[in-house]
Amino acid sequence: MTRLLAILAAWMYVGLAAAQGDLDIDTPAIAQFKTGMAQRYAQLLPWYQSGAVGLTRDGGVLLREPGAVPLAQRQAVTALVAGENADRAGLYREIARANGNPGWEPDIRATFAQRWIDRAPAGWWVQNATGIWQQKR
Amino acid sequence: MTHARMSLTPLAALALATALAGCVTINIYFPAAAAEKAADTIIDEVWQMKPPPPGGPVDAAKAPAKEKTP
């Protein structure tokens with residue numbers, strides 16, 4: 001019984017430490033996603049600024065105004081958006097996995113969605129909680 | 001004596017069940033504040049941003065180093 005209680009106490013301690021400490025974001029997979037996204041950012045920036053691409057409420061990006069992209073570049077921008085969404089999905093999944101709770105993925109995604117939108121500069125287009133697109137002021 | 005033993009066992013079982021439930025609750029609790037911090041750290045890197053300096057725009061050279069709470 002004493003041993004069992006000791007194990008329980010240790011388990012509680014680990015649980016508390018995980019709940020109160022920082023999340024682990026230093027894995028090779030996360031580093032790879034970050035690098036990919038940082039490199040893509042330079043290419044996506046003009047489209048964020050023009051409003052052709054916006055930040056969705058579910059933590060992704062969307063080519064919301066295809067007509068705002070010249071036809072010659074539209075395919076490239078579509079590919080950038082797809083690549084960004086794939087990296088973001090992988091990032092959210094990997095953070096949840098690296099912290100021992102794959103089930104946290106939707107929470108991680110929701111947290112990122114909020115922070116991307118909160119921190120987007122004025123002029124960018126973001127989706128609000130009801131799905132309406134709004135320009136950040 | 002026998003009676004005391006018999007009533008203690010279910011009580012111990014109940015206490016154990018409560019403790020286990022408590023542990024499970026703690027272990028699956030989503031650390032929202034830590035997740036926000038992690039998100040901001042990653043967004044800083046991806047968008048190559050610095051945290052906004054307190055009290056308005058500051059010369060880039062004078063901007064304080066990125067805060068890291070241990």
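Predicted model: local features only at pLDDT ≥ 70, side-chain atom pairs only at ≥ 80, totals over all residues.
Buried here means under 20% relative accessible area, with exposed over 50% and partly exposed in between (1.4 Å probe, protein chains only). Residues are numbered from 1 along each chain as its sequence is written, chains are lettered from A in the order in which they are written, and side-chain values use heavy atoms, leaving out hydrogens and water.

**Q127(A)**
- You'll find Q127(A) in strand β3 (residues 125–127) of chain A; strands are DSSP runs of E, at least two residues, and helices are runs of H or I, at least four, numbered from the N terminus.
- A polar atom of the Q127(A) side chain sits 2.9 Å from the backbone nitrogen of R57(A).
- The backbone oxygen of G131(A) is 3.4 Å from a polar atom of that Q127(A) side chain.

**I95(A)**
- I95(A) belongs to helix α3 of chain A and counts as buried because its relative accessibility is 1%.
- L23(A) is 72 residues from I95(A) in sequence, yet their C-alphas are 7.9 Å apart.
- Beyond neighbours within four places in sequence, I95(A) is in contact (heavy atoms within 4.5 Å) with residues including L23(A), F112(A) and, from chain B, I42(B).

**Helix α2 of chain B**
- I42(B) is one of the buried residues of α2(B).
- Cover for the buried residues of α2(B) includes α2 (28–50), α3 (71–98) and α4 (105–119) of chain A.
- After α2(B) comes Q48(B), with a positive phi near 50 degrees.

Notes: Polar contact = N/O pair within 3.5 Å; in protein donor to acceptor, adjacent residues only side chain to side chain.
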